Amino acid sequence: ESPPPPPSPSPPTAATAGGGGGGADHPVESASFDVEAAIEVCFKAGHYEQARSLAKRWQYHAWYLRVSLEKLSSPSDALVYISTLPPSLQSEFLGKYGKTLIEEDAKTTTRLLSNICGKKTERKLRPKADKFLHIFLGEPRRFLDFLKKVVEEVPNQSAVVYNTLLDLYLTVHLYDDDHHPSSSSSKHRVEVGDQDPLRKGVVAKAGKHDDTKLTPQQIEEREANFQKAMLLLKSQQACYDVNQALVSAKIHKFEKGMIYLYEKLRLFGEILQYYMETGNHKRLIRACVNHGTTDPDLWVQALKYFAEHEDPCEDEIAQVLEHIEDPKIQLAPLMVLQILSSHAKKPFGVIKDYVIRILQREKDQIEEDEKAIEKFQHETSTMRKEIEDLTTKPTTFMPSRDLMLPAVHFLCKHSYHEQVIGSRECPKCAPEYRSVMEIKEQVRQSASQHELFFKMLEGSNDGFGVVAEYFGRGILDFEKSED
């Protein structure tokens with residue numbers, strides 16, 4: 001026998017409803033009976049409509065939602081009710097019942113969550129999107145819609161949100177419109193080196209897939225989402241975890257994203273390794289061209305790879321040899337020859353042109369050096385003779401007839417009237433002399449700047465040239481004078 005219905009409430013007075021079932025959020029009318037007890041009696045007796053009516057009348061929100069979802073299976077009523085609540089309560093109950101609601105009415109639930117986490121909610125009341133990520137597991141397309149809108153309206157999100165959004169861009173094409181893995185995706189699961197269980201679930205459910213089994217629609221959607229993923233990676237507002245993003249890109253064969261992240265992390269060697277594994281020789285050489293000046297060792301790796309390759313790779317080796325002749329790279333010819341000569345299968349014709357160019361360049365350099373030596377020897381001999389003549393022989397001056405006495409004659413063969421000059425220096429030669437002395441003083445001072453010397457030595461491709469330059473500046477003479 002069912003218990004009697006609850007008594008009708010007496011005229012209410014202003015008070016605050018409460019109760020363990022989730023009391024009112026603001027002052028409401030008070031009842032002359034225990035409302036929560038009445039709701040619980042109706043609930044246990046199976047009078048669910050009466051229990052929900054009481055909960056709604058006296059604003060026992062948790063009871064209303066519990067009855068609507070657990071007993072009356074009315075998610076639409078629950079969603080309408082939640083939408084009337086303040087943002088703080090909306091966030092609380094969507095976090096609690098969101099999983100159930102999205103299984104019943106994914107579209108409305110997603111829209112409501114997007115509004116709460118978006119710009120429609122006041123900033124100080126707006127919850128973080130990562131609080132609701134668990135709700136969308138199993139609903140990848142709604143998940144993607146939610147994160148896209150939230151990130152677009154409120155870019156200040158956590159790294160988990162951005163990394164999850166990236167994973168969805170890379171995997172959502174593997175699901176059909178019913179949010180189930182399509183027949184083209186494998187049933188195998190992928191383990192992710194990530195401590196976040198939400199991202200693990202998103203990536204793992206995608207699984208390994210075979211591109212050859214994708215439908216044309218899936219391929220088209222994948223390419224469109226890959227472009228969006230690149231925009232996300234390049235966005236300055238996206239504060240994603242670079243290492244986790246790299247893991248996702250590698251798992252889902254997102255080549256452009258993977259290369260971009262390698263460059264962002266300055267892992268140029270990994271770029272080369274990837275192109276070696278995929279056999280993409282053109283892009284391998286292009287990567288060396290783009291980053292080889294910064295890291296000349298990339299050219300060494302590329303040369304070793306082509307030298308060890310089972311195919312002749314004559315064109316590729318010729319391109320590498322042509323680029324490594326750049327003065328900015330300056331790989332030692334002996335090292336290049338040792339790398340290529342260690343593999344007997346490579347024909348000599350591969351390096352013939354390179355050897356000829358190297359020998360010709362060395363020959364031209366020797367000729368230039370010999371000409372420079374001869375020129376400097378001649379100039380030095382001339383200067384020594386002039387110095388000897390000035391110190392041992394009388395100097396004959398041939399001043400102009402217009403020069404009036406008394407006159408001052410300088411050893412540089414310039415003569416001036418005594419009243420014209422104001423110092424003991426030749427007015428014409430003094431500026432050049434001072435300029436030379438200033439340069440000499442600067443060189444002497446720079447020889448003592450050890451930090452600058454080591455910095456130049458570390459950053460230069462020609463360390464010997466830096467050392468030789470400092471020897472010319474008199475670095476050893478300066479140290480000796482200090483001692």
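**Reading a helix pair**

Modeller: In this structure, α1 passes α2 in a left-handed crossing, that is, the near helix is turned anticlockwise from the far one by less than a right angle, clockwise being right-handed. The model is predicted: local features need pLDDT of at least 70, side-chain atom pairs count only at pLDDT 80 or more, and totals for chains, interfaces and linings use all residues. Residues are numbered from 1 along each chain as its sequence is written, and side-chain values use heavy atoms, without hydrogens and water.

Biologist: At what angle do helix α1 and helix α2 pack?

Modeller: Two packed helices are described by the angle between their axes and the distance between the axes. Axes are lines fitted to C-alpha atoms, for helices over the stretch in contact, and angles run from 0 to 180 degrees between N-to-C directions. Here α1 (residues 35–45) and α2 (residues 48–57) pack at about 160 degrees, with axes 7 Å apart. That makes α1 roughly antiparallel to α2, the term for angles over 145 degrees.

Biologist: Which residues in α1 meet α2?

Modeller: Contact means heavy atoms within 4.5 Å. From α1, A38, I39, C42 and F43 meet Y48, Q50, A51, L54 and A55 in α2. These contact residues divide into 8 nonpolar, 1 polar and no charged.

Biologist: Is A307 buried or exposed?

Modeller: Buried means under 20% relative accessible area, exposed over 50%. A307 lies in helix α15 (residues 297–308) and is buried, because its relative accessible area is 3%. A307 and L340, 33 residues apart in sequence, are 5.9 Å apart in space, C-alpha to C-alpha.

How values were computed
Helices (H or I, at least four residues) and strands (E, at least two) are DSSP runs, numbered from the N terminus. Buried means under 20% relative accessible area, exposed over 50%, partly exposed in between (1.4 Å probe, protein chains only). Angles under 35 degrees count as roughly parallel, over 145 as roughly antiparallel, 65 to 115 as roughly perpendicular and the rest as oblique. Ala, Val, Leu, Ile, Met, Phe, Trp, Tyr, Cys and Pro count as nonpolar, Asp, Glu, Lys and Arg as charged, and the others, Gly among them, as polar.
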